[in-house]
Amino acid sequence: MANFELIMPKMGESIMEATILKWVKKVGDSVKMDETILEIATDKVDSEIPSPVEGILTEIKFQENDVVEIGKVIAILQTGGKQEAAVAAPSAPAAESKNIATVQNTAASAPAAQAPVQSSDSRFYSPLVKNIAKEENISQQELDAIAGTGQEGRVTKKDMIQYLENRGSGATQQTSAPQTQTPVQESSRPEPARTAPSQSMSGNVEIIEMDRMRKLIAEHMVNSKRISPHVTSYIEVDVTNIVNWREKAKKQYEVKYNEKITFTPIFIEAVVKAIRDFPMINVSVEGDKIIRKKDINIGMAAALPSGNLIVPVIKNADFLNLAGLTKSVNDFATRARANQLKPDEISGGTFTLTNVGTFGNVMGTPIINQPQVAILAVGAIRKKPAVMETEFGDVIAIRQLMFLSLSYDHRVVDGSLGGTFLRRIGDYLEKFDHHQTV
């Protein structure tokens, strides 16, 4: 019989902490291998954490709503069968006494742990908190003075939001700073966060609180507009060959691959080819450095039943053929609607595609998914009269046309690169081989 330490798992790149949403199992419950033991949330996704071993949950170290660093022990499981657990039961009081002593020792040292920490060297701040402080022009001295409600007095995202609300409205924020702290000079005081002007409302309104995901989306979109000077270019492309081929091939596709083929994998295939031709679209920016990504990871925006948006990422999309892309697109779309995506499946994207045509829109001006530098929106396919050049002269014919719109970061993508890249995507779509077999 042995004790197994369950640690907070790493939930994707740049994720340093997670919030415990719910303990599915309680102390004393039997847990099977791969059975969900708790639910957690990060700034990117909610996840169910399965147990890596079979045993009995004997100790829970953090409670619901606690924010826990990656790698910390969050629970103890006792491995072994039910009989072994029953035999070990009499020793529980001793363990309980040990736990009480630990709590008492911790309580005795609590004043030292909760003492105001003014030095940035001795107080831990998560990357998320540091990023918020940077975006809102919060100085280190001001950050050190914010009271934290997290584990060991740490400042959480909730603390930052509350502080910014009070800061913007002029309310006094309770802080952990000493009263003798030297006041900040008026000339060096950060500019208050801008707040929307108050509006009068009649009684015939409904006030809806944003859910956690909507708040994160809102923050992400606003930050993207702050970071990247957006430029959007448009082209119209003739996708008649694609529409006709899909109409003929979709039944054969379903029989051969057990997958329904949509237009999305065809669009992604064209994007991947264009990125190969223009690799400087597949980059990100860090300070004054351009980071060129050699992997082509395509994010596909997917709408959730709640109305929120999530962007699963097809990793190494340039290694997949049309059938492989189709399978990935369908799998991600299905699991996104069921809220079953894993954290690493929505991170690491280098370029994003969003299909606004799904909602009947002919075009859009998408917002860049940071830290990427470009995003493509594809509009609805519509039958329209168009001029076609033939060996007998120009004729007017009914064609299947659609708009493509590319938003790009003008810091590193100039109009020449953005426009040429967009045109190359259109060329690949118009030259689609409609004679290819399934």
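Leaving aside its neighbours within four places in sequence, which residues is Gln63 in contact with?

## Gln63 and its surroundings

In this predicted model, Gln63 lies in the loop between β6 (55-60) and β7. Apart from neighbours within four places in sequence, Gln63 is in contact with Ile20 and Trp23. Lys22 is 41 residues away from Gln63 in sequence, and the C-alpha to C-alpha separation of the two is 8.4 Å.

Gln63 has a relative accessible area of 47%. Gln63 therefore counts as partly exposed, because that class covers values between the 20% limit for buried and the 50% limit for exposed.

## The open sheet

An open sheet is formed by 4 strands, ordered β5-β4-β2-β7, with antiparallel pairing. Its edge strands, β5 (46-50) and β7 (67-69), each pair on one side only. From one strand to the next, the twist averages 40°.

Strand β2 (residues 17-23) and β7 run antiparallel and are joined by 3 bridges. Across from Val67 in β7 stands Thr19. Strands of a sheet pair through backbone hydrogen bonds, either parallel or antiparallel.

## Helix α8

Helix α8 spans residues 264-277, which is 14 residues. The distance from its first C-alpha to its last is 20 Å, close to the 20 Å expected at 1.5 Å a residue.

The helix is mostly covered, with 10 of the 14 residues of α8 buried. The buried residues of α8 are Thr264, Pro265, Ile266, Phe267, Ile268, Ala270, Val271, Val272, Ala274 and Ile275.

Notes: Residues are numbered from 1 along each chain as its sequence is written. This is a predicted model: local features need pLDDT of at least 70, side-chain atom pairs count only at pLDDT 80 or more; totals for chains, interfaces and linings use all residues. Side-chain values use heavy atoms; hydrogens and water are left out. Two strands pair if DSSP finds at least two bridges between them. Helices (H or I, at least four residues) and strands (E, at least two) are DSSP runs, numbered from the N terminus. Axes are lines fitted to C-alpha atoms, for helices over the stretch in contact, and angles run from 0 to 180 degrees between N-to-C directions. The expected span of a helix is 1.5 Å times one less than its number of residues. Buried means under 20% relative accessible area, exposed over 50%, partly exposed in between (1.4 Å probe, protein chains only). Contact means heavy atoms within 4.5 Å.
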